[in-house]
Amino acid sequence: ARTVIKFELPEAGRVCLEVYNLSGQRVRTLVDEVKGPGRYSVAWDGRDDSGREVASGIYFYRLRAGEFSKVRKMVLVR
């Protein structure tokens with residue numbers, strides 16, 4: 001299973017993209033670095049930070065960039 005998360009940055013800044021389970025526990029940090037303006041695609045392979053596959057189900061990702069923050073729901077199906 002693989003999910004691609006796309007986002008666009010109007011200006012350079014620190015970007016943090018994390019995946020959470022329904023309990024609010026962080027499962028994986030996909031991005032935590034400074035990026036320049038532009039369009040980005042980040043793939044999540046359905047694994048946690050330790051490399052273990054997580055169960056099928058509903059997950060959330062949170063994208064933070066400067067003052068901007070958004071949360072979106074996604075479904076992982078194995």
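Which residues make a nonpolar surface patch of about 390 Å²? They are Leu22, Ile58, Val75 and Val77. A patch here takes residues with over 30% relative accessible area and no salt bridge, and joins nonpolar side chains (Val, Leu, Ile, Met, Phe, Trp, Tyr) within 5 Å.

Before we go on, a word on the model. It is predicted, so local features need pLDDT of at least 70 and side-chain atom pairs count only at pLDDT 80 or more, while totals for chains, interfaces and linings use all residues. Residues are numbered from 1 along each chain as its sequence is written, and side-chain values use heavy atoms, with hydrogens and water left out.

Let's look at one patch member. Leucine 22 sits in the loop between strand E2 (13-20) and strand E3 (26-35); strands are DSSP runs of at least two residues, numbered from the N terminus. Leucine 22 is exposed, with a relative accessible area of 59%, where exposed means over 50% and buried under 20% with a 1.4 Å probe and protein chains only.

Now compare tryptophan 44, in strand E4 (residues 38-44). Tryptophan 44 is buried, at 0%. From tyrosine 20 it is 24 residues away in sequence and 12 Å in space, C-alpha to C-alpha.

Finally, the largest pocket. Its volume is about 210 Å³. Fifteen residues line the largest pocket, with Leu9, Pro10, Glu11, Ala65 and Phe68 nearest its centre; lining residues have an atom within 4 Å of a point on a 1 Å grid. The lining holds eight nonpolar, two polar and five charged residues.

Terms used. Patches are made of residues with over 30% relative accessible area and no salt bridge: like charges are joined within 9 Å, nonpolar side chains (Val, Leu, Ile, Met, Phe, Trp, Tyr) within 5 Å. Accessible areas come from the Shrake-Rupley method with a 1.4 Å probe; for residues, only the protein chains shown count as cover. A salt bridge is a side-chain nitrogen of Lys or Arg within 4 Å of a carboxyl oxygen of Asp or Glu. Helices (H or I, at least four residues) and strands (E, at least two) are DSSP runs, numbered from the N terminus. On a 1 Å grid over the protein atoms alone, a cavity is a set of points where a 1.4 Å probe fits but cannot get out, and a pocket is an open set with protein on both sides within 12 Å along at least five of seven lines; lining residues have an atom within 4 Å of a point. Grid points are joined across faces, edges and corners, and a volume is the space filled by probe spheres set on the points. Ala, Val, Leu, Ile, Met, Phe, Trp, Tyr, Cys and Pro count as nonpolar, Asp, Glu, Lys and Arg as charged, and the others, Gly among them, as polar.
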